[in-house]
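Here is my friendly note for your first look at this model. Please keep the 3D view open and go through the points one at a time.

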Amino acid sequence: MPWVIRDVVKDINKAVARRWQGIDPLLPEPGDLPEGCMSPLLARGEAGRPAGIGVCRHQYVAADTLAQTWGAATKFVLTMRLRDADTALAADDLLTQWREHVHAQPAAWADDTAAIVNWPARDITGVPALLRHGLVPISVIAARPSQRPASTASASSASTSPASTARTSPPAASGINGLVIRPAQPADLDAVAEFEMGVVRYDAHFGGSVPRPATEALIWAESQAALAERPGWTWLAEHDGRPVALTTVEPPDAATWIAGMTRPGVTAYLQTMFVRPDERSGGIGAALVRHVHRELDARGIDMILLHHAQQNPLSAPFWHRMGYRPLWSTWETRPAATLR
């Protein structure tokens, strides 16, 4: 990146850091912008001073990876940093420039494509510009800080790693008659893969997932590998001896891809939460998640992040009750060339 642009980014990042911390203390310090497909886009403010900067990345997701199950195969992703408290004008300027760039890409006109912006959930002044350009909120990154006492959290983070404090817990009573929560074992592969596919199929109703021909086999392989790990990060709830719910967590060393979306600390990613449809609304999901929270707090986790579909009628109220709240919203339009 040319030194002039680096200076602009540094100057804007200072302003963005102050603004983000004012609207949401769980947001991270804005770091270096990713390498883009072209020179950064600049939004002009008063007296020609840059009011914002944007970087576009083209992502081509391989068909033999589970990542292609979670969205379009080709993604055009815009990262924006906006200086002023009211982001509307600068956001509109950058989105207009981005639209012209995306429309010039032949690949953007294919069906299996998306134009994507990740936006801080509490940064509400930019929402009208996103809507005006045809983007809609598809998913949410929600966050839950650790509930450990501050002194315990500081000591755990400073003196131990999650791997060293992780343990294999025995089956736990849940308070619900006949319900037992326990770490999943390799012998549970069929149930774990079934529940993972249940999430994929359900989220497809809201655009959160795109089931692919290879999805089921890839989930099977990933689940098999996860269940072989010790200590494990997958938990099952059994009701009267029958598997009824699943929670899978990515430990901090596997969650680095998303950890930068929040403030520094030991971050885990809650990858999967599924309850059999005929067992919902009875408290099983809440009991399982509370158990997992206790496990993660004990393992020194400072922050848990997760995704849920914006339009999923079950997710938002459930995760709010579990102590999560929106941190980022992912705005999309599909195909990418429908960006306005």
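1. Pro335 sits in the segment after β12 (325-333). The peptide bond that joins Arg334 to Pro335 is cis, with omega at about -15 degrees. Helices (H or I, at least four residues) and strands (E, at least two) are DSSP runs, numbered from the N terminus.

2. A word on how to read this. You are looking at a predicted model, in which local features need pLDDT of at least 70, side-chain atom pairs count only at pLDDT 80 or more, and totals for chains, interfaces and linings use all residues. Residues are numbered from 1 along each chain as its sequence is written, and side-chain values use heavy atoms, with hydrogens and water left out.

3. Where is Pro231? Look in the loop between α7 (215-228) and β8. The peptide bond from Arg230 to Pro231 is cis, and its omega is near 0 degrees.

4. Now for the whole protein. Its secondary structure comes to 10 helices and 12 strands. The C-alpha atoms fill a box of roughly 70 × 50 × 30 Å, taken along the principal axes. A compact globule with 340 residues would have a radius of gyration near 20 Å, and the 21 Å of this protein agrees with that. The radius is taken over C-alpha atoms, and the globule rule is 2.2 Å times the number of residues to the power 0.38.

5. How much of the protein is buried? Buried residues make up 53% of the 340 residues. Here, buried means under 20% relative accessible area, exposed means over 50%, and partly exposed lies in between (1.4 Å probe, protein chains only). The protein exposes about 15,400 Å², with carbon and sulfur atoms supplying 57% of it. Accessible areas come from the Shrake-Rupley method with a 1.4 Å probe, and for residues only the protein chains shown count as cover.

6. Contacts come next (heavy atoms within 4.5 Å). Of the contacts with a separation of 6 or more, 75% are between residues 24 or more positions apart.

7. Charges deserve a quick look. The protein has 32 positive and 34 negative side chains, and the centres of the two sets lie 5 Å apart. Lys and Arg count as positive and Asp and Glu as negative, while His and the chain ends are not counted. The place of a charge is taken as NZ of Lys, CZ of Arg, CG of Asp or CD of Glu.

8. Please find strand β9 (residues 242-250). Why is it described as largely enclosed by the rest of the structure? Because 8 of its 9 residues are buried. Strand β8 (residues 234-239) runs antiparallel to β9, and 6 bridges join them; two strands pair if DSSP finds at least two bridges between them. His239 has Arg242 in β9 as its bridge partner. β9 also pairs in the antiparallel sense with strand β10 (residues 267-275), over 6 bridges. Thr247 stands opposite Met273 in β10.

9. Stay with the hairpin that β8 and β9 form, which has 2 residues between the strands. Asp240 lies in the loop there, and its phi is near 55 degrees, a positive value in a residue other than glycine. At 63% relative accessibility, Asp240 counts as exposed. You will find Ser281 in the loop between β10 and α9 (284-298), where it counts as exposed at 84% relative accessibility.

10. Leaving aside neighbours within four places in sequence, its contacts are Leu270, Met273, Val289, Leu306, His308 and Tyr324.

11. Asp188 is found in the loop between β7 (179-183) and α6 (189-203). With 11% relative accessibility, Asp188 counts as buried. Not counting residues up to four places away in sequence, Asp188 touches Arg182, Pro183, Leu227 and Leu236.

12. Finally, Pro128 belongs to helix α3 (residues 127-132). Pro128 is exposed, with a relative accessible area of 51%. Pro128 and Tyr60 are 68 residues apart in sequence, and 29 Å apart in space from C-alpha to C-alpha.
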